[in-house]
Structure formats: structure tokens, C-alpha cells
Amino acid sequence: MDRKSVIVYVLSDSVGETADLVVKAAASQFRATDIEVRRVPYVEDKSTVREVITLAKEANAIIAYTLVLPEIKDYLIERANEENLKVVDILGPMISSLQSLIQVQPRGEPGLVRKLDEDYFRKIEAIEFAVKYDDGRDPRGILHADIVLIGVSRTSKTPLSQYLAHKRIKVANVPIVPEVEPPEELFRVPINKCIGLKISPEMLYHIRKERLKALGLNSDASYASIERIKKELSYFENVTNKIGCQVIDVTNRAVEETANLILNSFYHSSQNR
């Protein structure tokens with residue numbers, strides 16, 4: 001069987017990835033056909049439409065599009081009809097169906113899918129970063145983080161890191177332990193990026209006791225003793241004073257509340273840079 005050759009022009013007022021993928025998915029269903037996709041991104045003027053119409057006419061091609069700007073889309077349809085060219089609206093039927101169902105006017109903004117994709121990938125990157133640099137595993141991450149959280153054990157460093165990661169913030173967290181010298185990277189990071197998490201000895205005593213019980217361990221271990229806790233908190237205070245960083249009291253705060261304080265501080269310092 002002779003192979004047929006077909007050209008499909010893909011027009012978009014963004015990068016054209018959506019239409020490109022749909023056309024290639026459809027093309028995969030035709031074995032005896034060579035289908036060439038020619039993408040034309042960022043179509044924002046009628047002159048580009050006219051050029052594509054001319055090329056498509058010469059090649060007897062199909063035009064697929066994901067144009068959301070009404071004046072450009074209407075012009076394309078009008079000119080294609082005049083030239084008897086086949087055009088396929090990839091987004092239009094779905095947008096019309098949604099508009100009919102929810103009775104809301106579409107925004108008509110190009111590139112929104114790409115913006116959503118970029119936002120999604122930034123979130124995934126931040127989540128992976130938080131996992132990789134959790135609990136001081138690799139101090140090299142400190143210098144690449146948007147925010148560095150420091151605190152003694154059980155001050156919600158990990159939950160906060162993950163919560164902030166879902167806000168697309170890259171967070172490294174470092175435990176402060178009297179027997180372990182803090183990584184030298186902590187003293188090289190800008191102080192506005194470093195945030196200490198403090199807690200009252202009484203609250204930490206309760207949290208650690210409950211933690212040991214949940215693990216089936218002896219709740220009288222030195223880890224949960226008030227003397228040990230006060231020693232750790234004193235050392236933590238020395239470290240934060242040396243760094244000169246902001247300190248947030250998490251004693252009676254939910255993770256979400258602490259996270260909002262951190263975000264407000266982060267965005268405020270970002271605006272002042």
C-alpha cells in the first residue's frame with residue numbers, strides 16, 4: 001500500500017503544545033500515512049494567519065488550532081472557509097460545553113495551560129527538594145533553599161517544609177543538637193532566609209513524651225526529660241543569636257499558622273530585595 005503524506009498546521013496563541021499533542025495522538029491511528037505537524041506558536045496577528053492560509057492552500061493541508069483570542073480565531077475560520085480549507089478547533093467545543101454548563105464566560109487568555117503546567121512542576125520540584133534536604137541530610141541544600149528552618153527535635157520542621165513546598169517554596173531544615181556542630185552553611189545563608197522555630201519546654205516535654213509512647217518506647221528516656229529539653233533549647237538560642245535570624249514561637253501554633261507567618265516574612269523580604 002502506498003503511503004499517503006499529510007501536513008497539519010498547528011496554530012496557537014501560546015506555544016501550541018496542546019494542539020501538537022492532540023494532532024500527534026490522532027495521527028498515530030493511521031499507519032499508512034506520513035503526517036507532518038508544523039507548529040506555528042504565538043499567533044497574535046492576522047498577517048500570520050494569512051501566511052499560514054497561503055501555505056496550507058499550497059500543500060492542501062489541514063489547520064488545527066487552539067486560539068482563544070476571538071478576533072484571531074474568527075479571522076482564521078473566515079479565511080479558511082474562503083479557501084475551502086479544513087480547520088479543526090481543538091479547544092472550542094470543550095470551552096463551549098463548559099460555558100453552557102456552568103454559565104460563566106471564558107477568560108480568553110492565551111497560555112493558561114502552560115502557566116498551570118509550570119506551576120505544577122515548580123511544586124513538584126519544591127516537594128522533592130524538601131525531601132532531599134530534610135532533617136539536615138545534606139547541608140549543601142542550605143545554600144540553594146528559599147527558606148531554611150532550624151529547631152530542636154519535634155518543632156514541626158518537616159511538616160512545615162512539606163506545607164511550604166506545596167506553596168512552591170524550596171525549604172531545607174536542620175535539627176539543632178548540642179552534641180553536633182551546626183553546618184557552616186547555616187552561617188553563610190542570608191539571615192532573612194533562615195528561620196528558627198522555638199517552643200516552650202513544657203510543651204516540648206509533653207510532645208516528646210507522647211512521641212515515645214506512640215513508638216512503644218520508654219517515656220522516661222533522657223530525650224523527653226525536662227533537663228535535656230532545657231539544655232537543647234538553650235543551645236538553640238545560642239545558635240540563633242549567632243546567626244541573627246528571625247525566630248518564631250511555635251508553642252501554641254498549628255502548622256498552617258506558622259507557615260503563613262513564614263510566607264508573609266518570605267514575600268516581604270523578597271519585595272525588599
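Let's start with helix H7, where Leu204, Arg208, Lys209 and Leu212 are buried. Around the helix axis these residues cover an arc of only 135 degrees, so they lie on the same side of H7. The other side of H7 carries Glu202, Lys213 and Ala214, which are exposed. Keep in mind as you look around that this is a predicted model.

What do the buried residues of H7 pack against? Their partner is helix H8, residues 226–243.

## Length and end of H7

Helix H7 runs over 14 residues, 201–214, and at 1.5 Å a residue it should span 20 Å; the end C-alpha atoms are 20 Å apart, so the two values agree. Just after the helix comes Gly216, with a positive phi of about 75 degrees.

## A four-stranded parallel sheet

The model also holds an open sheet of 4 strands, paired in parallel and ordered E6-E5-E7-E8. Strand E6 (171–175) and strand E8 (246–249) form the edges, each pairing on one side only. On average, neighbouring strands of this sheet are turned by 25 degrees against each other, direction ignored.

For a look at one pairing, take strand E7 (residues 194–198), which is joined to E8 in the parallel sense over 4 bridges. Here Gly196 stands opposite Val247 in E8.

## Helix H6 on the sheet

Which strands does helix H6 touch? Helix H6, residues 157–165, packs on the sheet and touches strand E5 (147–151), E6 and E7. The direction of H6 makes about 175 degrees with that of E6.

Note on methods. Residues are numbered from 1 along each chain as its sequence is written. This is a predicted model: local features need pLDDT of at least 70, side-chain atom pairs count only at pLDDT 80 or more; totals for chains, interfaces and linings use all residues. Side-chain values use heavy atoms; hydrogens and water are left out. Helices (H or I, at least four residues) and strands (E, at least two) are DSSP runs, numbered from the N terminus. The expected span of a helix is 1.5 Å times one less than its number of residues. Buried means under 20% relative accessible area, exposed over 50%, partly exposed in between (1.4 Å probe, protein chains only). The arc is that of the directions from the helix axis to the C-beta atoms. Contact means heavy atoms within 4.5 Å. Two strands pair if DSSP finds at least two bridges between them. Axes are lines fitted to C-alpha atoms, for helices over the stretch in contact, and angles run from 0 to 180 degrees between N-to-C directions.
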